[in-house]
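I opened my notebook to look around this protein one spot at a time. Come along and check each entry in the viewer.

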Amino acid sequence: MAATNISKRNFGKTSSGEDVTAILLENGNGVRLELLDYGAAIRSIQIPDVGGKTVDVILGFDDMKGYLAHTAYMGAVCGRVANRVTEGQFQIEGKQYSVTKNHGEHQLHGGSVGFDKMVWGVTIDESGGKVSFSLQSVDGDQGYPGNLTATVVYQLLADNSVVISYTATSDKTTPVNLTNHAYFNLGGHESGLVHDHIFTVHADMYTPKNEHDIPNGEITSVEESVFDLRKPTRLGDKINTVPGGGYDHNFCINHMSLDKPCASVAHPNGIVMDVLTTKPGLQFYTGNFLDGQPDGKGGAVYKKHFGFALETQHFPDAVNKPHFPDSLLRPGDTYQHTTMYRFTVK
């Protein structure tokens with residue numbers, strides 16, 4: 001069953017004067033999901049905890065001023081290619097392409113003006129309980145080949161699952177990797193460090209990275225390392241031993257399925273979040289570069305390790321590493337993936 005109620009409100013304007021709309025989905029269990037057409041972003045997920053207190057588990061901002069000022073991709077859909085592209089270059093079918101560099105000499109999350117900075121078209125299906133966002137990315141956008149049509153559909157189900165369905169088509173072969181960059185804190189967006197969260201990541205392998213946070217091409221066992229999160233692990237017991245000051249790594253998940261979680265997170269307040277996906281990778285990021293600016297919702301301050309992201313994805317830099325799962329979308333084919341964040345209280 002889908003969400004029982006959908007409403008919308010004006011949320012402000014972009015720096016160029018475009019109107020931004022917030023869309024609220026509510027089910028009959030007191031769960032509320034608020035979205036923005038700016039970046040097709042998740043602004044809020046409110047869930048009752050084990051004591052009945054409503055907890056907003058998403059880091060975000062009260063107005064467009066915050067969304068325009070921050071640099072952390074807060075809650076947004078990242079594309080055309082999420083994560084990193086080495087030296088902003090790749091080759092497809094014998095042709096070399098150069099894309100915009102916004103992460104030193106590399107590209108991060110789609111470039112200088114990625115999908116996170118665009119106002120998407122929105123269609124509301126009240127009877128189906130769906131909100132669909134659509135975007136046209138023209139041939140040459142940020143340097144990428146092909147006219148791309150991307151669609152992201154959100155649903156809030158009666159079992160308190162947030163479902164995100166991604167589709168895309170292109171008239172030229174192009175890399176595509178769409179993800180949502182929501183920062184979660186199951187204790188509440190304003191509650192501070194996430195060290196008390198218990199994480200499980202069902203991945204036997206991960207992709208080690210170089211000094212630029214880009215996979216070095218290896219696919220390595222997590223065995224006897226800080227990346228072995230196959231058993232429930234309190235984050236605070238491991239995070240200080242992770243190179244680089246926290247997790248920001250791609251895990252090669254064991255289960256590409258909507259029937260079995262690839263990761264689970266639990267908080268002492270009883271809220272549990274399972275992540276299920278059809279994608280091959282999961283970027284576990286512990287907010288290592290959150291710096292407290294700008295102020296978050298209700299004046300909350302989001303500092304290092306105050307939130308975490310679980311970004312379902314193709315492996316980073318897959319377009320330059322042919323032994324990684326293929327991230328190319330070809331004419332006549334459809335990029336189609338689904339991710340589910342399933343919330344329960346125990």
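**Entry 1: one arginine**

Does Arg84 count as buried or exposed, and at what relative accessibility? I kept in mind that this is a predicted model. I found a relative accessibility of 7% for Arg84, and since buried means under 20%, Arg84 counts as buried. I then looked up where it sits: Arg84 belongs to strand β7, which covers residues 84-85. Its side chain makes a polar contact of 3.0 Å with the side chain of Asn83. I also listed what Arg84 is in contact with, setting aside neighbours within four places in sequence, and found His103, Gln107, Leu108, His212, Asp213, Ile214, Asp248, Gln283, Pro316 and Asp317.

**Entry 2**

Which strands does β21 pair with? I found strand β18 (residues 205-207), which runs antiparallel to β21 and is joined to it by three bridges. Strand β24 (residues 281-285) also pairs with β21 in the antiparallel sense, over five bridges. I liked Asn250 here: Thr207 stands opposite it, and Asn250 also stands opposite Gln283 in β24.

**Entry 2: the nonpolar cores**

How many residues does the largest nonpolar core have? I read off 62, and those with the most contacts inside this core include Phe184, Met273 and Phe343. Strand β13 (residues 148-156) gives the most to this core, with five residues. Apart from it lies another core of 19 residues, among them Leu36, Leu59, Met64 and Tyr302.

Leaving out residues up to four places away in sequence, Phe343 touches residues including Ile45, Val57, Asp159, Phe184 and Met273.

I finished with strand β2 (residues 19-26), where six of the eight residues are buried. Strand β1 (residues 5-13) pairs with β2 in the antiparallel sense over eight bridges, and Asn5 has Glu26 as its bridge partner in β2. Their hairpin has five residues between the strands, and Gly17 there takes a positive phi near 95°.

β2 is also joined to strand β3 (residues 32-36) by five bridges, and the two run antiparallel. Ile23 stands opposite Leu35 in β3. This hairpin has five residues between its strands, with Gly30 in the turn at a positive phi of about 85°.

Notes: Residues numbered from 1 in each chain as written. Predicted model: local features only at pLDDT ≥ 70, side-chain atom pairs only at ≥ 80, totals over all residues. Heavy atoms only, no water. Helix = DSSP H or I, 4+ residues; strand = E, 2+ residues; numbered from the N terminus. Buried < 20%, exposed > 50% of the residue type's maximum accessible area, 1.4 Å probe, protein only. Polar contact = N/O pair within 3.5 Å; in protein donor to acceptor, adjacent residues only side chain to side chain. Contact = heavy atoms within 4.5 Å. Pairing = 2+ DSSP bridges. Core = buried A, V, L, I, M, F, W, Y, C linked by side-chain atoms within 4.5 Å.
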